[in-house]
Amino acid sequence: MKIKIMLRNRSPDKYIFLVNYLGGVLTLDESSKITGKELFSNVCKCLGVREYWYFGLQYESLKKEPRWLRPNSKVYRIIRKINAPLFFLVKYFPEDISTVVDKVSLSLIYNQCKGSIISGGIYCPPETSILLASYSLQSDQGDWAHVDYDSLRLENLLPKTVLEQYTMSRQSWLDSLLGWHKDHEGYTSVESQLEYVRITQQLGMYGVNYFNTTWLGSPAWIGIHPRGINIYQDNMLVPKTGLKWVFIRMVHYTCKKFVVTPVMESASPYIFCMSSLRKTKQVFELAVGYHHLYLRVRSISVINHTPDEFGIRSQEDGEKFKETSEEICKILQQFDYH
């Protein structure tokens, strides 16, 4: 579900940005000179989003292509030029949802995953779709005994492709949902959302940003995602090649070429020919952003562990722990951006 941002005139120097989100409308009275970073920060504060690094402001270009608003961009100029709204969306999906501690951030990630699955943006097998729908009901309406199943709209819970794939009666779908729903009795809304996203993370298209490209002289898709970079050729579900961040030493671009250099010096770089310089920059930006998130999670993991948690008691062991932690940070920072 998208959070839409619109604007309306007030005075030459001030504009009212209307932010539609699940639960209401946010009104921001801002300067016409406000930057993308400032507007994004204000939206996060008003919505109570603490883990802001997962999100971004997106708009649709005149060519109907989705683009992310850059921090230093003048928002008013862009909006007036394209006459289109902005959307507050998840830009970088978490690799592991259990690392998300902010309930507001979790709810936004959950709702976006749910919307993508129901719309078909993320392919989901029928059996998994039923399970996810049952967690959705538990999160949104509570225990099965409090849900009016007769009034449920299946199209709001299950992908259209799944409903069309099987010749099942409405009652059969509801019976299947109820069976799963009963298993979640007692789950809180937050617990249900966590389980929903955990299952979604196992799906092949979760968090993947696809871009058309040419690789080794053949048409392909490059997919930037939380765990690394995938290359697809036959379909967009099963990658031909998968490159995890830990095995990538450097990414850079030159004009329309996006280059991924593996850690192994003997391995040849992966060169992708994009359709335009703008598209190349988009791929590069997402790759850098996802890698920063990859480092952030692992750096926090190292920092949050104390010597006592590792069973360290002596001064000598403490020095070894410090050296090991520093070495981990050095390894994580070997990734280069050009």
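This is a predicted model: local features need pLDDT of at least 70, side-chain atom pairs count only at pLDDT 80 or more; totals for chains, interfaces and linings use all residues.
Q: Why is helix 3 called oblique to helix 7?
A: Helix 3 (residues 103-119) and helix 7 (residues 189-200) pack at an angle of about 50°, and their axes lie 10 Å apart. Angles under 35 degrees count as roughly parallel, and those from 65 to 115 as roughly perpendicular. The angle therefore makes helix 3 oblique to helix 7. The crossing of helix 3 past helix 7 is left-handed.

Q: Which residues in helix 3 meet helix 7, and what makes a contact?
A: Contact means heavy atoms within 4.5 Å. On the helix 3 side, K103, L106, S107, I109, Y110, C113, K114 and I117 take part, and they meet V190, Q193, L194, Y196, V197 and T200 of helix 7. The residues of this contact comprise nine nonpolar, three polar and two charged.

Q: What makes strand 8 and strand 9 a pair?
A: Pairing requires at least two bridges. Strand 8 (residues 218-225) is joined to strand 9 by five bridges, and the two run antiparallel. A hairpin connects strand 8 to strand 9 through two residues.

Q: How do you know that strand 9 and strand 10 pair?
A: Four bridges link strand 9 to strand 10 (residues 241-244) in the antiparallel sense, and at least two are required, so the strands pair. Within strand 10, L243 is the bridge partner of I229.

Q: Why is strand 9 called mostly covered?
A: Buried means under 20% relative accessible area. In strand 9 (residues 228-232), five of the five residues are buried.

Methods
Residues are numbered from 1 along each chain as its sequence is written. Side-chain values use heavy atoms; hydrogens and water are left out. Axes are lines fitted to C-alpha atoms, for helices over the stretch in contact, and angles run from 0 to 180 degrees between N-to-C directions. Angles under 35 degrees count as roughly parallel, over 145 as roughly antiparallel, 65 to 115 as roughly perpendicular and the rest as oblique. A crossing is left-handed if the near helix is turned anticlockwise from the far one by less than a right angle, and right-handed if clockwise. Ala, Val, Leu, Ile, Met, Phe, Trp, Tyr, Cys and Pro count as nonpolar, Asp, Glu, Lys and Arg as charged, and the others, Gly among them, as polar. Buried means under 20% relative accessible area, exposed over 50%, partly exposed in between (1.4 Å probe, protein chains only).
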